[in-house]
Amino acid sequence: MAKAAAIQYTAVGRRKTSTARVKLVPGTGKIFINDRQWDEYVTVPSMRAQVLLPLEATETSKKFDVAVNVTGGGPAGQAGAIRQGIARALLKAAPETKAALRSKGLLTRDSRMKERKKYGQPGARKRFQFSKR
């Protein structure tokens, strides 16, 4: 008989142009991002805190192993996407954590995107200099 698969919870988090696919498995608290140690991948202290926020808010940092595959965007967008992905996976794993996650705003998708450049001007909002003469 085949061995039963370990329980795993998956979720997707997005921010700006970044997408993070998160797998949560009961374990000891290891975090891997794109097959690298998370502290090696996320080097800015404020972004490290952002990645850990859902686990600390629900006090589950030592209960789950986290594997993340993140693509697109830059470091800030990727950190935000990872944060949302972990929060959504935790919600599937432990529905009783919803209040803690919701109160910190971790389940809400940040919809802010870069505004497109329009024709006839040098940027999204900036205009060429106007002269009457």
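**View 1. Arg-109 and the residues it touches.** In this predicted model, Arg-109 makes contact with Arg-14, Arg-15, Lys-16 and Gln-84, leaving aside residues up to four places away in sequence. You'll find Arg-109 in the segment after H4. Is Arg-109 buried, exposed or partly exposed? Its relative accessibility is 32%, so Arg-109 counts as partly exposed. Look for Gly-80 too: Arg-109 and Gly-80 sit 29 residues apart in sequence, with 9.4 Å between their C-alpha atoms.

**View 2. Helix H2 and its kink.** H2 takes in residues 45-57, 13 residues in total. From first C-alpha to last it reaches 17 Å, close to the expected 18 Å. Zoom in on Val-51 and you'll see a kink of about 40°, shortly before the proline Pro-54.

**View 3. The buried side of the story for H2.** Which residues of H2 are buried? They are Met-47, Val-51, Pro-54 and Leu-55. In an α-helix there are 3.6 residues a turn, so residues three or four places apart point the same way. The buried residues of H2 pack against several elements, among them strand E5 (64-71) and helix H3 (75-93).

**View 4. Stepping back to the chain.** Four helices and five strands make up the secondary structure, in the order β-β-β-β-α-α-β-α-α. The C-alpha trace spans about 85 × 30 × 30 Å along its principal axes. The radius of gyration is 19 Å, whereas a compact globule of 133 residues would have one near 14 Å. Buried residues account for 31% of the chain.

Notes:
Residues are numbered from 1 along each chain as its sequence is written. This is a predicted model: local features need pLDDT of at least 70, side-chain atom pairs count only at pLDDT 80 or more; totals for chains, interfaces and linings use all residues. Side-chain values use heavy atoms; hydrogens and water are left out. Helices (H or I, at least four residues) and strands (E, at least two) are DSSP runs, numbered from the N terminus. The expected span of a helix is 1.5 Å times one less than its number of residues. The bend at a residue is the angle between axes fitted to the seven residues ending there and the seven starting there. Buried means under 20% relative accessible area, exposed over 50%, partly exposed in between (1.4 Å probe, protein chains only). Contact means heavy atoms within 4.5 Å. The radius of gyration is taken over C-alpha atoms; the globule rule is 2.2 Å times the number of residues to the power 0.38.
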